[in-house]
Amino acid sequence: MGKATGFLEFERIEEGYKPVPERVKHYKEFVIGLSEDDAKKQGARCMDCGTPFCNSGCPVNNIIPDFNDLVFQGDWKNAITVLHSTNNFPEFTGRICPAPCEAACTLNINDDPVGIKSIEHAIIDRAWAEGWVKPQVAKHKTGKKIAIVGSGPAGMAAAQQLARVGHDVTLFEKNDRVGGLLRYGIPDFKMEKTHIDRRVEQMQAEGVVFKTGVLVADLGKDSKVTNWAKETISPEQLKKEFDAVLLTGGAEQSRDLPVPGRELQGVHFAMEFLPQQNKVNAGDKFKDQIRADGKHVVVIGGGDTGSDCVGTSNRHGAKSVTQFEVMPMPPEMENKPLVWPYWPTKLRTSSSHEEGCEREFAISTKEFIGEKGKLTALKTVQVEFKDGKFNEVPGSEKIYPADLVFLAMGFTAPVSPILEAFGIDKDARGNAKATTDFTGGYATNVPKVFAAGDMRRGQSLVVWAIREGRQAARAVDEFLMGFSDLPR
Ligand SMILES: Cc1cc2nc3c(=O)[nH]c(=O)nc-3n(C[C@H](O)[C@H](O)[C@H](O)COP(=O)(O)OP(=O)(O)OC[C@H]3O[C@@H](n4cnc5c(N)ncnc54)[C@H](O)[C@@H]3O)c2cc1C
Ligand code: SF4
């Protein structure tokens, strides 16, 4: 522990944001990371409390007290070694993780938690700037061939781990670029895509072969998920050519809102809108891009995806942006003694909300209204959650003008024809069925086929995807070699 009295001397230091009028003009990141001095002070606040709840609050079990101390001591090189020992891609999580570790920080019981995420961000950015992040090429090859389907954080983490122990890894991706939802979904202003490109280069040097534009199996004819594949490979072909197959295809099936008027022009899934802007930012020409300029935009769904639609609509120059959430407004502050060290339900205002957004709670959409096939308004009603269901509040119907609606109500499951083509059993929610048990974990019912990430656990977080990718890599390595030295 660096400074015994640090938590008494120093206040939590937040990372800054560039001003709203400036940042809404572009799609670049706008978080101002901690200075070296501020990162040291932040590290000094860690109490090294003996039972580090932060460590189990973090899904990849980052060894937080150790890197806090190393940053306080100014030993940044060892800090990145500690951080990389549990997390392949801290530059992703240091930017977009909601930081459940901080909710679990012991200091959070009666004070502000240590700014763990900001320290993680500072360590990895420094490591890249200093040239400390290098390919780790396996000394011996095993001769085993592994196919990974889906290049999101789960597939990338698994591929990197497996290549580092000497396997020949090929990563298949139906879209034209690597990264999954990190690439097409999460806006560039939250995470610029050069961070993925750098890791792809590192992984190529480590021996991973990336095959983009290749769809494995079938999506079904009505699928609206992103697909820029130019060729298709069958599950049989993969199983024949590879010693093991790991499915990390995400949970891409958006939840729909089948109320009257759903077919009107102007009603879209969030995941039709967001990837188009990612593509434009990457320099691609996009015909008929969904644009929010000068329009009244309503985003249905109060989570991260909805918030990303808010930020993107404001950057387009929307006339108004309103976000609906069916649940009642949560309290501004959690009852800490009751909920600590768990992730609390409380009102969360994102940087996109700060850029301009009306937020409505306990509201449900009854109908999309239109003229000549085009959306013009929404009919809504206030709802109360009672006895396990939503009840309409009599007389609370309202009309909201709307030219564009984005449905951001979550994701139901993986696109099911893919799992069916492999013959994989599903769990009750339609995800690939596989346990996370120490022995036999991540294996599906189909011999030599494994599943991890959102495809196994349902739509979740980047940090959970990295954890599952790492653990599944160990399971595959053990299956092929009879033992594994990879961490779990
Ligand atoms: C808009 C949005 C914002 C989000 N914001 C955050 C955030 O701020 N913080 C956070 O922690 N999490 C966030 N999430 C959640 C997070 O992105 C996901 O939990 C995470 O990316 C899941 O990783 P994954 O590797 O399991 O799958 P994905 O990232 O979904 O990647 C799966 C990949 O597999 C490919 N694929 C699927 N089927 C096939 C096939 N048959 N053949 C070839 N390729 C295939 C897909 O094209 C995709 O590229 C967000 C999600 C969305 C939609
Ligand atoms: S990955 Fe997320 S939960 Fe883990 S230390 Fe970083 S910010 Fe915290």
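1. Ground rules. The model is predicted, so local features need pLDDT of at least 70 and side-chain atom pairs pLDDT 80 or more, while totals for chains, interfaces and linings use all residues. Residues are numbered from 1 along each chain as its sequence is written, chains are lettered from A and ligands numbered from 1 in the order written, and side-chain values use heavy atoms, without hydrogens or water.

2. H3 against H9. Helix H3 spans residues 36-44 and helix H9 residues 116-130. (Helices are DSSP runs of H or I with at least four residues, numbered from the N terminus.) They pack at about 135°, axes 10 Å apart. (Axes are lines fitted to C-alpha atoms over the stretch in contact; angles run from 0 to 180 degrees between N-to-C directions.) That angle makes H3 oblique to H9. (Under 35 degrees counts as roughly parallel, over 145 as roughly antiparallel, 65 to 115 as roughly perpendicular, and the rest as oblique.) The crossing of H3 and H9 is left-handed, meaning that the near helix is turned anticlockwise from the far one by less than a right angle.

3. Residues between H3 and H9. H3 brings Glu36, Ala39, Gln42 and Gly43 to the contact; H9 brings Ser118, Ile119, Ala122 and Arg126. (Contact means heavy atoms within 4.5 Å.) The contact of H3 with H9 divides into three nonpolar, three polar and two charged residues. (Ala, Val, Leu, Ile, Met, Phe, Trp, Tyr, Cys and Pro count as nonpolar; Asp, Glu, Lys and Arg as charged; the others, Gly among them, as polar.)

4. H5 against H9. Helix H5 covers residues 64-73. Its axis and that of H9 come within 11 Å and cross at roughly 60°. That makes H5 oblique to H9. The crossing of H5 and H9 is left-handed. Ile64, Phe67, Asn68 and Val71 of H5 meet Ile116, Ile119 and Ile123 of H9. The contact of H5 with H9 holds six nonpolar residues, one polar and no charged. Ile119 of H9 is listed in the contact with H3 and in the contact with H5.

5. H13 against H14. Helix H13 (residues 270-281) packs on helix H14 (residues 304-316) at about 50°, with axes 10 Å apart. That makes H13 oblique to H14. The crossing of H13 and H14 is left-handed. From H13 come Ala270, Phe273, Leu274 and Gln277; from H14, Thr305, Asp308, Cys309, Thr312, Ser313 and His316. The contact of H13 with H14 splits into four nonpolar, five polar and one charged.

6. Ligand 1. There are 37 residues around ligand 1. (A residue is near a molecule if one of its heavy atoms lies within 4 Å of it.) Ile96, Glu173, Lys174, Val216 and Asp454 come nearest. A backbone N or O atom of Asp454 lies 2.8 Å from a ligand 1 oxygen. For a backbone N or O atom of Leu181 the distance to a ligand 1 oxygen is 3.0 Å. A side-chain N or O atom of Asn175 sits 3.4 Å from an oxygen of ligand 1.

7. Ligand 2. Here 13 residues form the surroundings, with Cys58, Asn62, Cys97, Cys101 and Glu120 closest. Helix H8 (100-104) and H9 each supply at least two residues of this shell. H9 gives the largest share, three residues. The shell around ligand 2 comprises nine nonpolar, two polar and two charged residues.

8. Backbone points to check. Most residues other than glycine have a negative phi, and most peptide bonds are trans. Ala99 has a positive phi of about 65° although it is not a glycine. Ala99 lies in the loop between helix H7 (90-96) and H8. The peptide bond from Trp340 to Pro341 is cis, omega near 5°. Pro341 belongs to the loop between helix H15 (336-339) and helix H16 (351-354).

Methods
A polar contact is a pair of N or O atoms within 3.5 Å; within protein, one must be able to donate a hydrogen and the other to accept it, and residues adjacent in sequence count only if both atoms are side-chain atoms.
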